[in-house]
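Welcome! Let's take a short walk through this structure, a few places at a time.

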Amino acid sequence: MAPRLERFVSPGKGNGLRATASIRRGELVYSTEPLACCVSNRLARDVCHHCFTRRETLLRCSHCKMARYCNISCQKQAWSGHKRECKCLRSLLPRIPTDSVRLAARLIFALLSTSKGSSEELYTLEEHESHLSSMPEQKKQGLSQLASMLDLYLQQEVLGLAQEMTSALPPSCQEPLSLIAKVTCNCFTISDGELQEIGVGLYPSLSLLNHDCRPNCVMVFEGTKLQLRAVRDINPEEELTISYIETLSLTEDRRRQLEDQYHFMCHCQHCDSQDKDELMLSGDEASWSLLKEALPRLEGQKAESDWQALLESCSHLLSTIGANVPDDNLYKLRITDVALDASIHLGLWEEAVKYGERTLPVYRQYYPDPHPVHGVQLMRIGKLQHYLERIEDALDTFKQAYQIIKLTHGDSHPLTTDLLMKMEECRAEMDQQSSIARRHLSRTP
Ligand SMILES: [Zn+2]
Ligand SMILES: [Zn+2]
Ligand SMILES: [Zn+2]
């Protein structure tokens with residue numbers, strides 16, 4: 001595939017990427033494996049550290065007892081990247097360093113191994129922003145702690161490393177603080193088909209992508225491979241953008257999050273026009289502010305997996321104060337979504353589908369372009385309808401999901417294949433039902 005993108009200087013934003021030709025909605029713009037990646041600590045026992053597949057049973061590395069693999073083949077392929085890491089992990093046991101420290105170490109090992117040159121990258125690590133000079137003191141202190149952790153973590157390997165690093169790495173990557181700052185500012189969260197976060201990775205060329213709250217591209221992962229797809233038609237020389245954050249929130253909140261995490265003030269069209277803010281705050285303020293105030297408490301119950309109490313709180317809020325607030329209201333939507341999650345965890349499918357179906361028209365309004373979050377929500381609801389034997393509704397919901405997923409994930413992504421299979425199942429079940437009905441009718445005199 002000829003390169004569809006090139007590096008350029010985006011007015012007011014610094015470096016960026018733009019299209020070199022017209023790109024149609026749904027087309028794959030770029031696909032790449034990470035320079036370095038690692039499974040999050042939180043999921044270290046549930047996901048293969050090589051291919052990032054989630055499995056019930058995984059083989060454990062007998063040395064560090066941390067890394068886990070689908071099978072011998074995944075373990076073998078992972079060994080060149082894991083060998084030095086394994087020693088470092090063992091030296092700190094039972095302590096496990098944070099994700100960014102493990103990622104930074106894996107990056108160093110990747111840069112030092114000759115097979116993983118970054119020559120074809122559009123953006124070298126040397127050029128990556130660390131934002132250290134403009135960073136608030138408190139954040140810098142946090143990073144300094146991570147940098148000392150990195151030092152400690154690498155100690156086992158460092159005697160050999162120090163020399164190797166001086167000769168092989170650019171100066172800004174030898175200094176732990178600057179390296180950690182670059183890693184935390186530029187790493188991507190790797191998520192699975194259901195959009196659950198499973199790890200972090202560095203994809204240097206794609207660090208050039210600038211943010212827009214209504215972007216023209218989305219990133220989707222297949223294992224550790226990152227795929228960038230267009231969600232709108234893009235003209236030659238038009239800048240390619242993604243969203244760094246979940247966009248379903250108020251302009252003020254998006255701007256604050258972007259400033260805190262990425263150190264810039266968003267002036268995208270969506271922010272400057274405060275488009276959708278009014279809709280998100282629709283209804284009587286005295287009522288929805290009570291819903292807003294309840295959210296932190298609900299989040300707490302969710303974090304503790306107290307599903308029963310969580311569902312009770314949500315259902316109480318929604319049937320009392322929430323009954324007077326329109327479904328479009330952002331806080332009502334969030335509570336309805338939490339109620340959906342809680343019902344699923346409790347196996348209350350009828351409740352779940354009731355809450356889920358209420359969110360769908362609202363999602364449609366807030367995601368005018370194809371968006372993975374919207375597609376996955378439709379798929380979840382479709383599965384509930386299917387389980388409850390509402391086959392026609394399920395097929396209809398799956399079809400809507402497919403209209404989105406085929407564009408955001410492409411036709412060969414496992415999520416798309418899974419969805420097509422579900423649609424096939426629904427059709428087969430409907431055929432079976434109608435043939436039973438026909439037989440029944442023909443027997444009636
Ligand atoms: Zn695997
Ligand atoms: Zn190991
Ligand atoms: Zn914006």
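## A glutamate and its contacts

Setting aside neighbours within four places in sequence, E157 is in contact with R84, K87 and C88 (contact: C-beta atoms, placed from the backbone, within 7 Å). The C-alpha atoms of E157 and C88 are separated by 6.9 Å, although the two are 69 residues apart along the chain. You will find E157 in helix α3 (residues 137–168). E157 counts as buried because it has 20 C-beta neighbours inside 10 Å.

## About the model

This is a predicted model, where local features need pLDDT of at least 70 and side-chain atom pairs count only at pLDDT 80 or more, while totals for chains, interfaces and linings use all residues. Residues are numbered from 1 along each chain as its sequence is written, and chains are lettered from A and ligands numbered from 1 in the order in which they are written.

## Helix α10

Now look at α10 (residues 307–319); helices are DSSP runs of H or I with at least four residues, and strands are runs of E with at least two, numbered from the N terminus. In α10, L310, L311, C314 and L317 are buried (20 or more other C-beta atoms within 10 Å of the residue's own; exposed means 12 or fewer, partly exposed in between, with C-beta atoms placed from the backbone). These buried residues fall within an arc of 135 degrees seen down the axis of α10, so they line one face of the helix (the arc is that of the directions from the helix axis to the C-beta atoms). They pack against α9 (285–303) and α11 (330–345). The face turned away from the buried side of α10 carries the exposed residues Q308, A309, H316 and S319.

Note on methods
Contact = placed C-beta atoms within 7 Å. Expected span 1.5 Å × (residues − 1).
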